[in-house]
Amino acid sequence: MFTLPPLPYAENALEPVISANTLSFHYGKHHKAYVDNLNKLASGTQYESMPLEQVIRDTAGKADKVGVFNNAAQVWNHTFFWNCLRNGAGGKPTGRIAQMIDSDLGGYDNFKKEFANACVTQFGSGWGWLVASGGKLAIMKTPNAENPLSKGQTALLTIDVWEHAYYLDYQNRRPDFVNAVIDKLLNWNFAAENLSRA
Ligand code: MN
(Lines give C-alpha, C1' and ligand atoms only; values in the text may rest on other atoms or scores of the structure.)
Protein backbone atom coordinates (compact mmCIF):
# COMPACT_ATOMS: atom_id res chain seq x y z
CA MET A 1 0.00 0.00 0.00
CA PHE A 2 1.11 3.53 -0.74
CA THR A 3 1.16 5.98 2.16
CA LEU A 4 0.93 9.74 2.52
CA PRO A 5 4.41 10.85 3.68
CA PRO A 6 4.44 13.31 6.59
CA LEU A 7 4.65 16.97 5.63
CA PRO A 8 8.30 17.98 6.31
CA TYR A 9 7.19 21.04 8.37
CA ALA A 10 4.15 22.44 10.16
CA GLU A 11 1.16 23.54 8.06
CA ASN A 12 1.83 27.20 9.00
CA ALA A 13 5.58 26.99 8.27
CA LEU A 14 5.36 28.57 4.81
CA GLU A 15 3.33 31.62 5.82
CA PRO A 16 2.89 34.27 4.59
CA VAL A 17 3.77 32.98 1.10
CA ILE A 18 1.51 29.91 1.43
CA SER A 19 -1.13 30.03 4.17
CA ALA A 20 -1.80 27.22 6.64
CA ASN A 21 -5.32 27.07 5.16
CA THR A 22 -3.96 26.39 1.66
CA LEU A 23 -1.43 23.87 2.92
CA SER A 24 -4.03 22.10 5.04
CA PHE A 25 -6.28 21.53 2.01
CA HIS A 26 -3.45 20.94 -0.45
CA TYR A 27 -1.66 18.33 1.67
CA GLY A 28 -4.48 16.95 3.80
CA LYS A 29 -7.15 16.74 1.07
CA HIS A 30 -5.59 16.87 -2.41
CA HIS A 31 -2.36 14.97 -1.78
CA LYS A 32 -4.15 12.46 0.46
CA ALA A 33 -6.83 11.87 -2.19
CA TYR A 34 -4.17 10.96 -4.76
CA VAL A 35 -2.74 8.39 -2.31
CA ASP A 36 -6.20 6.97 -1.56
CA ASN A 37 -7.14 6.80 -5.25
CA LEU A 38 -3.84 5.15 -6.16
CA ASN A 39 -4.39 2.49 -3.51
CA LYS A 40 -7.89 1.77 -4.86
CA LEU A 41 -6.66 1.53 -8.46
CA ALA A 42 -3.50 -0.47 -7.65
CA SER A 43 -5.20 -2.95 -5.33
CA GLY A 44 -5.05 -6.46 -6.76
CA THR A 45 -2.79 -5.42 -9.65
CA GLN A 46 0.95 -5.72 -10.28
CA TYR A 47 1.30 -2.12 -9.13
CA GLU A 48 0.31 -2.64 -5.50
CA SER A 49 3.77 -3.82 -4.41
CA MET A 50 5.83 -1.80 -6.90
CA PRO A 51 7.98 1.20 -5.89
CA LEU A 52 6.14 4.44 -6.71
CA GLU A 53 8.72 5.64 -9.24
CA GLN A 54 8.49 2.33 -11.11
CA VAL A 55 4.69 2.59 -11.23
CA ILE A 56 5.07 6.02 -12.83
CA ARG A 57 7.60 4.83 -15.42
CA ASP A 58 5.61 1.66 -16.21
CA THR A 59 2.29 3.44 -16.75
CA ALA A 60 3.47 6.66 -18.48
CA GLY A 61 1.96 7.07 -21.91
CA LYS A 62 -0.30 3.99 -21.64
CA ALA A 63 -3.89 4.95 -22.42
CA ASP A 64 -5.35 2.04 -20.44
CA LYS A 65 -3.28 2.92 -17.34
CA VAL A 66 -3.97 6.66 -17.24
CA GLY A 67 -5.77 6.54 -13.89
CA VAL A 68 -2.92 4.73 -12.16
CA PHE A 69 -0.38 7.03 -13.81
CA ASN A 70 -2.20 10.23 -12.89
CA ASN A 71 -2.59 9.33 -9.22
CA ALA A 72 0.89 7.80 -8.83
CA ALA A 73 2.55 10.79 -10.50
CA GLN A 74 0.54 13.24 -8.41
CA VAL A 75 1.56 11.41 -5.21
CA TRP A 76 5.22 11.70 -6.25
CA ASN A 77 4.92 15.29 -7.52
CA HIS A 78 3.41 16.56 -4.27
CA THR A 79 5.91 14.80 -2.00
CA PHE A 80 8.66 16.26 -4.16
CA PHE A 81 7.04 19.72 -4.12
CA TRP A 82 6.85 19.89 -0.30
CA ASN A 83 10.58 19.26 -0.18
CA CYS A 84 11.19 22.04 -2.72
CA LEU A 85 9.85 24.57 -0.19
CA ARG A 86 11.44 25.87 3.02
CA ASN A 87 10.64 28.95 5.04
CA GLY A 88 13.43 31.52 4.76
CA ALA A 89 14.82 29.95 1.58
CA GLY A 90 14.52 31.20 -2.00
CA GLY A 91 16.62 33.70 -3.89
CA LYS A 92 20.00 33.09 -5.44
CA PRO A 93 21.68 29.69 -4.86
CA THR A 94 25.42 29.09 -4.38
CA GLY A 95 27.81 26.29 -5.31
CA ARG A 96 27.75 23.91 -8.27
CA ILE A 97 24.09 24.52 -9.09
CA ALA A 98 24.73 28.28 -9.26
CA GLN A 99 27.63 27.67 -11.64
CA MET A 100 25.40 25.50 -13.85
CA ILE A 101 22.68 28.15 -13.82
CA ASP A 102 25.30 30.60 -15.09
CA SER A 103 26.63 28.27 -17.80
CA ASP A 104 23.40 26.56 -18.91
CA LEU A 105 20.65 29.10 -18.22
CA GLY A 106 22.30 32.49 -18.65
CA GLY A 107 22.56 33.39 -14.96
CA TYR A 108 20.18 33.60 -12.02
CA ASP A 109 18.11 36.54 -13.28
CA ASN A 110 17.48 34.75 -16.56
CA PHE A 111 16.72 31.50 -14.71
CA LYS A 112 14.17 33.30 -12.58
CA LYS A 113 12.52 34.91 -15.61
CA GLU A 114 12.36 31.65 -17.58
CA PHE A 115 11.28 29.46 -14.65
CA ALA A 116 8.51 31.92 -13.70
CA ASN A 117 7.49 32.12 -17.35
CA ALA A 118 7.21 28.31 -17.61
CA CYS A 119 5.07 28.24 -14.46
CA VAL A 120 2.83 31.12 -15.54
CA THR A 121 2.34 29.98 -19.15
CA GLN A 122 1.47 26.35 -18.34
CA PHE A 123 -2.09 26.47 -19.68
CA GLY A 124 -4.48 25.05 -17.11
CA SER A 125 -3.22 22.62 -14.47
CA GLY A 126 0.37 21.45 -14.29
CA TRP A 127 3.88 21.98 -13.01
CA GLY A 128 6.98 24.06 -13.73
CA TRP A 129 10.32 22.24 -13.37
CA LEU A 130 14.05 22.77 -13.13
CA VAL A 131 15.63 19.52 -14.37
CA ALA A 132 19.03 18.03 -15.12
CA SER A 133 19.15 16.37 -18.50
CA GLY A 134 22.27 15.11 -20.30
CA GLY A 135 24.54 16.86 -17.79
CA LYS A 136 22.88 20.25 -18.22
CA LEU A 137 20.14 22.18 -16.47
CA ALA A 138 16.88 22.87 -18.27
CA ILE A 139 13.52 24.45 -17.51
CA MET A 140 10.30 22.74 -18.55
CA LYS A 141 6.60 22.63 -17.82
CA THR A 142 4.21 19.68 -17.80
CA PRO A 143 0.40 19.47 -17.90
CA ASN A 144 -1.72 17.76 -15.24
CA ALA A 145 0.23 14.94 -13.52
CA GLU A 146 3.09 14.56 -15.99
CA ASN A 147 6.63 14.85 -14.64
CA PRO A 148 10.27 14.48 -15.77
CA LEU A 149 10.71 10.90 -14.44
CA SER A 150 9.28 9.21 -17.50
CA LYS A 151 11.33 11.45 -19.82
CA GLY A 152 14.71 10.31 -18.49
CA GLN A 153 15.34 13.63 -16.76
CA THR A 154 16.18 14.30 -13.12
CA ALA A 155 13.84 16.73 -11.34
CA LEU A 156 15.68 19.32 -9.25
CA LEU A 157 12.86 21.71 -8.29
CA THR A 158 9.18 22.15 -9.07
CA ILE A 159 6.30 24.52 -8.48
CA ASP A 160 2.73 23.23 -8.48
CA VAL A 161 0.63 25.59 -10.61
CA TRP A 162 -2.71 23.82 -10.29
CA GLU A 163 -5.23 26.41 -9.07
CA HIS A 164 -5.60 24.53 -5.76
CA ALA A 165 -1.97 25.45 -5.02
CA TYR A 166 -2.64 29.18 -4.85
CA TYR A 167 -6.30 30.14 -5.33
CA LEU A 168 -7.20 30.58 -1.65
CA ASP A 169 -4.25 32.95 -1.15
CA TYR A 170 -3.77 34.61 -4.54
CA GLN A 171 -7.05 33.97 -6.43
CA ASN A 172 -6.18 34.29 -10.14
CA ARG A 173 -2.78 35.92 -9.55
CA ARG A 174 -0.60 32.93 -10.46
CA PRO A 175 2.44 35.15 -11.29
CA ASP A 176 2.41 36.62 -7.75
CA PHE A 177 2.35 33.11 -6.22
CA VAL A 178 5.14 31.86 -8.48
CA ASN A 179 7.42 34.84 -7.88
CA ALA A 180 6.88 34.71 -4.11
CA VAL A 181 7.78 31.00 -4.07
CA ILE A 182 10.93 31.64 -6.13
CA ASP A 183 12.03 34.59 -3.98
CA LYS A 184 11.14 33.21 -0.52
CA LEU A 185 10.70 29.43 -0.49
CA LEU A 186 12.71 27.57 -3.14
CA ASN A 187 14.86 25.01 -1.31
CA TRP A 188 18.19 25.08 -3.16
CA ASN A 189 19.72 22.59 -0.71
CA PHE A 190 17.16 20.02 -1.88
CA ALA A 191 17.89 20.93 -5.52
CA ALA A 192 21.63 20.40 -4.88
CA GLU A 193 20.93 16.97 -3.33
CA ASN A 194 18.88 16.00 -6.39
CA LEU A 195 21.61 17.29 -8.71
CA SER A 196 24.24 15.19 -6.89
CA ARG A 197 22.21 12.07 -7.79
CA ALA A 198 21.63 13.09 -11.43
MN1 MN B 1 -1.32 20.20 -6.02
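Visitor: In which sense do strand S1 (residues 126–133) and S2 pair, and over how many bridges?

Guide: Strands of a sheet pair through backbone hydrogen bonds, and the pairing is either parallel or antiparallel. In this predicted model, S1 and S2 pair in the antiparallel sense, over eight bridges. One of the partners to look for is Ala-138 in S2, which is bridged to Val-131. Likewise, Gly-128 has Lys-141 in S2 as its bridge partner.

Visitor: How many residues lie between S1 and S2 in their hairpin?

Guide: Two residues stand between the strands of this hairpin. In the turn, Gly-134 has a positive phi of about 60°.

Visitor: What is the order of the strands in the sheet?

Guide: The order is S2-S1-S3, in an open sheet of three strands with antiparallel pairing. The edge strands are S2 (136–143) and S3, each of which pairs on one side only. From one strand to the next, the twist averages 20°. S1 also pairs with S3 in the antiparallel sense, over six bridges; here Trp-129 has Thr-158 in S3 as its bridge partner.

Visitor: How many of the eight residues of S1 are buried?

Guide: Seven of the eight are buried, and S1 is thus described as mostly covered.

Visitor: Which strands of the sheet does H3 touch, and which does helix H5 (residues 108–121) touch?

Guide: Let us return to the pairing of S1 and S2, which is antiparallel over eight bridges. H3 packs on the sheet and touches S1 and S3, its direction making about 85° with that of S3. Helix H5 also packs on the sheet, touching S1, S2 and S3, and its direction makes about 15° with that of S2.

Visitor: At what angle do helix H1 (residues 20–42) and H3 pack, and how far apart are their axes?

Guide: Two packed helices are described by the angle between their axes and the distance between the axes. For H1 and H3, the angle is about 145° and the axes are 8 Å apart. Their crossing is left-handed. Residues of H1 that meet H3 include Leu-23, His-26, Tyr-27 and Leu-38; on the side of H3, Val-75, His-78, Phe-81 and Trp-82 are among them. The residues of this contact divide into twelve nonpolar, eight polar and no charged.

Visitor: Are His-78 and His-164 buried or exposed?

Guide: Both His-78 and His-164 are buried.

Visitor: Why does Thr-22 count as buried?

Guide: The cut-off for a buried residue is under 20% relative accessible area. Thr-22 counts as buried because its relative accessibility is 1%. Thr-22 is found in helix H1. Leaving aside its neighbours within four places in sequence, Thr-22 is in contact with His-164, Ala-165, Leu-168 and Asp-169.

Definitions and conventions:
Residues are numbered from 1 along each chain as its sequence is written. This is a predicted model: local features need pLDDT of at least 70, side-chain atom pairs count only at pLDDT 80 or more; totals for chains, interfaces and linings use all residues. Side-chain values use heavy atoms; hydrogens and water are left out. Buried means under 20% relative accessible area, exposed over 50%, partly exposed in between (1.4 Å probe, protein chains only). Axes are lines fitted to C-alpha atoms, for helices over the stretch in contact, and angles run from 0 to 180 degrees between N-to-C directions. Helices (H or I, at least four residues) and strands (E, at least two) are DSSP runs, numbered from the N terminus. A crossing is left-handed if the near helix is turned anticlockwise from the far one by less than a right angle, and right-handed if clockwise. Contact means heavy atoms within 4.5 Å. Ala, Val, Leu, Ile, Met, Phe, Trp, Tyr, Cys and Pro count as nonpolar, Asp, Glu, Lys and Arg as charged, and the others, Gly among them, as polar. Two strands pair if DSSP finds at least two bridges between them.
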